[in-house]
Amino acid sequence: MTLRLARICRHPIKAHGREDLGSVLLSAGACLPWDRHWAVAHEAAKLGGGGWVPCANFTRGAKVPGLMAITSALDEQSGAVTLRHPELGALTFRPDDPADFAAFLSWIAPLVPADRARPAQIVSAGRGMTDSDFPSVSILSLASLADLSARMEQPLSADRWRGNLWLDGAAPWAEWDWIGRTLHIGQAELRIEERITRCRATSANPETGRIDADTLGGLDAAFGHQDFGLYAVVTKGGTISLGDTVTLR
C-alpha cells in the first residue's frame with residue numbers, strides 16, 4: 001500500500017467556504033493553520049468565556065445547507081477573506097473588523113432559512129473551532145469516498161465532507177484500523193485519535209448548496225454507523241505538500 005497526500009484544504013470561517021492549498025506548515029498540538037480560525041455565532045449561542053465551544057453555537061451547513069456552496073480565499077497578511085457563492089457572487093471582508101460585519105450579514109442573509117437562528121457575530125479562539133473538543137486535523141480517504149459513491153450509485157464530491165487532508169492509495173475503509181497509529185507526511189507526524197461522526201451538512205451538494213444525497217442513510221445502510229474520516233493530532237510539526245508520500249506506523 002503506497003499512500004500519498006492528494007489534497008490539502010482549509011476552511012478559514014467555519015462552515016463558510018473552503019480553500020485548497022499546495023503546502024502548509026503544521027505545528028505540534030495545533031489545527032491546520034487558519035482552519036476554522038473564525039466561526040459565525042448565531043443569536044442563540046452560548047459562548048461562555050470566549051474559548052472553544054461546540055458547533056451547535058454556530059451557523060453551519062447542517063442547519064443552513066446553502067452555506068455548503070461557498071468557496072473562500074484568505075489573505076493571511078491582511079486578514080481579509082473573499083467568499084464566493086454561485087447565487088450571491090463575491091464578498092471580500094475582514095472578519096476581525098466590526099465595521100465589515102454588516103456587509104457580511106447582508107451578503108449571507110439570503111441563505112439563512114427564516115426558521116433558523118440568525119448570525120449574530122464572528123468569533124475566534126486560541127485554536128481552530130473544529131467540531132472536536134481538541135485541536136484536530138481531519139484525515140480522509142479518496143478510496144472510501146469512491147466506495148461510498150458506488151454504494152449510493154451517485155458521485156459524491158470530496159467537498160461534502162469539509163476535510164483537511166485527503167489521502168490516495170489506501171484500500172477502502174482501511175483507515176478504521178489506523179486509530180492510535182501515526183501518519184508520517186512530509187516533515188510532520190500526526191497521531192490518529194478517533195472517527196468523525198457526520199451530520200446532515202454532507203447531504204448538501206457543494207456546487208449548489210441544495211440537499212441531494214442521503215449520505216447519512218448511505219453510511220447507515222452500508223455500515224450501521226454515520227462515520228466518515230478521522231480526527232488526528234499533530235505530534236511533530238513540519239511542512240507537508242501535495243504529492244508527499246504518507247507512511248503509517
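## Largest pocket

The largest pocket has a lining of 27 residues. K14, R36, D131, R162 and Y231 lie nearest its centre. A pocket is an open set of points on a 1 Å grid over the protein atoms alone, with protein on both sides within 12 Å along at least five of seven lines; lining residues have an atom within 4 Å of a point. Two elements give two or more residues to this lining: β9 (137-141) and β12 (188-197). β12 gives the most, with three residues. Strands (E, at least two residues) and helices (H or I, at least four) are DSSP runs, numbered from the N terminus.

The volume of the largest pocket is about 430 Å³. A volume is the space filled by probe spheres set on the grid points, which are joined across faces, edges and corners. By class, the lining holds 10 nonpolar, eight polar and nine charged residues. Ala, Val, Leu, Ile, Met, Phe, Trp, Tyr, Cys and Pro count as nonpolar; Asp, Glu, Lys and Arg count as charged; the others, Gly among them, are polar.

## Basis of the model

This is a predicted model: local features need pLDDT of at least 70, side-chain atom pairs count only at pLDDT 80 or more, and totals for chains, interfaces and linings use all residues. Residues are numbered from 1 along each chain as its sequence is written, and side-chain values use heavy atoms, with hydrogens and water left out.

## Cavity

The whole structure has one cavity of 30 Å³ or more. In a cavity, a 1.4 Å probe fits but cannot get out. The largest cavity has a volume of about 80 Å³. Its lining includes H11, H16, R18, D159 and R162. Four lining residues are nonpolar, three polar and three charged.

Strands pair if DSSP finds at least two bridges between them.

Five bridges join β6 (residues 80-85) to β7. L83 has L91 in β7 as its bridge partner.

## Whole chain

The protein chain has three helices and 15 strands. Its C-alpha trace spans about 50 × 40 × 30 Å along the principal axes.
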